[in-house]
Amino acid sequence: MPDIGIIGAGIGGLQLGLQLRGHDIPVTIYTDKTANQIAGGRLLNSVAHHGPTLERERALGVHFWPVEKYGYSCHHHYIGGEQPLSFRGDFTDWSSAIDYRLYLPKLMEAFQERGGDLQIRMLQADDIEPIAARHDLVVVAAGRGAFASIFPRRADLSPYDTPQRILCVGLYRGIAESAPKGVTISTSPGHGDLLEIPMYTADGFRTALLFENIPGGDLEILSKINYDDDPAAFERTVLEKLAAHHPQTFERVDPTRFGLNRSTDLLQGALVPTVREDYAKLPGGKFALAIGDVHTVVDPLVGQGANSASHSAWITGEAVLEDLGFDEMFCRRVAARRADVVYGAAQWTNLMLAPPAPHLLRLFAAMSENQAIADEFTHNFDHPDRQWQILATPERTDAFLARHGVRLAPAAF
């Protein structure tokens, strides 16, 4: 029976560990924080889990927050400009957003209850060789830290070398839910986007506001202003920017109740979208396989990062259960089986970060007039490989619209 070592206890590492423990495979997960440290720490992200990820959680026995109670059913779209567009797309299968300060500790607990070995220690890149020596396969799921250098950057799938958005995400009180309950995706051309997400937290449901701010735009200040210096000024600035750029969310704000939920419920920063090689041969002859953020860092604009990591973990677990060894053939097999979904998510996200291409504007205009198109686009948040098949070229997008009986001239916004 193989012995597997996993570096990193995010969604990818934990779901892979749980999958393998379900088949009694020895697994050690190495991570730098205890469950209590995560639970009591700063907001980690504003992650939403889509239908396939929730289905994997059911299969793993860790669907602790039933989507029927904690989930949401749709996306509300607002695209500003001279001729604003507003429309809704419905999911076939609901999504949900659970604060990772609840989610990760609960999965860590389940992993240990099922016989997994969770080791808390600070690791550096040169620790990977001794870890690999203790296991038949080492899987790196440790995000964007020291281990990224092990896996070379793929220039063909990494078109950006600087952040395309400067981020500000926080959990807020005083915002009424959309009806029906869903995520609002609001675009302010030239300035950035807002994802408004109903998130379940230790304090119950709160509204996550993820501002995706274009460098140099009017919203960039949200990523730089310091909450602790003047909380009232920070919250006043958020309200002013909501009113100016994201009116559909602002109209549901109660100014008398609005505020950041806690000082630790705020995260500001930026990342460079990057795709790295799937695996690396280590000096001792064994292989390290990359999953999650260490493999593909995607901007959170279309909510694909955690779902991509979950998919990659599941594919890896299936391969471990099926294969006869953990050589380069194994690594290539995993890479091939996950490529469409993982690279589809990265390429779709990168397209959406760029100034809107004419074929995207045609698609948005069609979605505002055709419910079936809006619903299919929304359903494909579950299937980024299918979404990328539609969006990869203007010809593909136009063929998709034609299939729905729509032919539109390029729209101007």
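**Aromatic pairs in a predicted model**

Ring pairs join F64, W65, Y100 and Y103 in a cluster. The model is predicted, so local features need pLDDT of at least 70 and side-chain atom pairs count only at pLDDT 80 or more. Residues are numbered from 1 along each chain, and side-chain values use heavy atoms.

Visitor: How many aromatic pairs does the rule give?
Guide: Rings of Phe, Tyr and Trp (its six-membered ring) pair if their centres lie within 6.5 Å. By this rule, the number of aromatic pairs is 14.

Visitor: What is the angle between the planes of Y70 and F205?
Guide: Planes under 30 degrees apart count as stacked, over 60 as edge-to-face and the rest as tilted. Y70 and F205 are a tilted pair with 6.2 Å centre to centre, and the angle between their planes is 35°.

Visitor: Is Y70 buried or exposed?
Guide: Buried means under 20% relative accessible area, exposed over 50% and partly exposed in between (1.4 Å probe, protein chains only). The relative accessibility of Y70 is 10%, so Y70 counts as buried.

Visitor: Why is the pair of Y72 and F91 edge-to-face?
Guide: The ring centres of Y72 and F91 are 6.1 Å apart. The pair is edge-to-face because the planes stand at 65°.

Visitor: Which residue lies over the face of F205?
Guide: A charge sits over a ring if NZ of Lys or CZ of Arg is within 6 Å of the ring centre and within 35 degrees of the ring normal. At 3.6 Å from the ring centre of F205, the residue over its face is K181.
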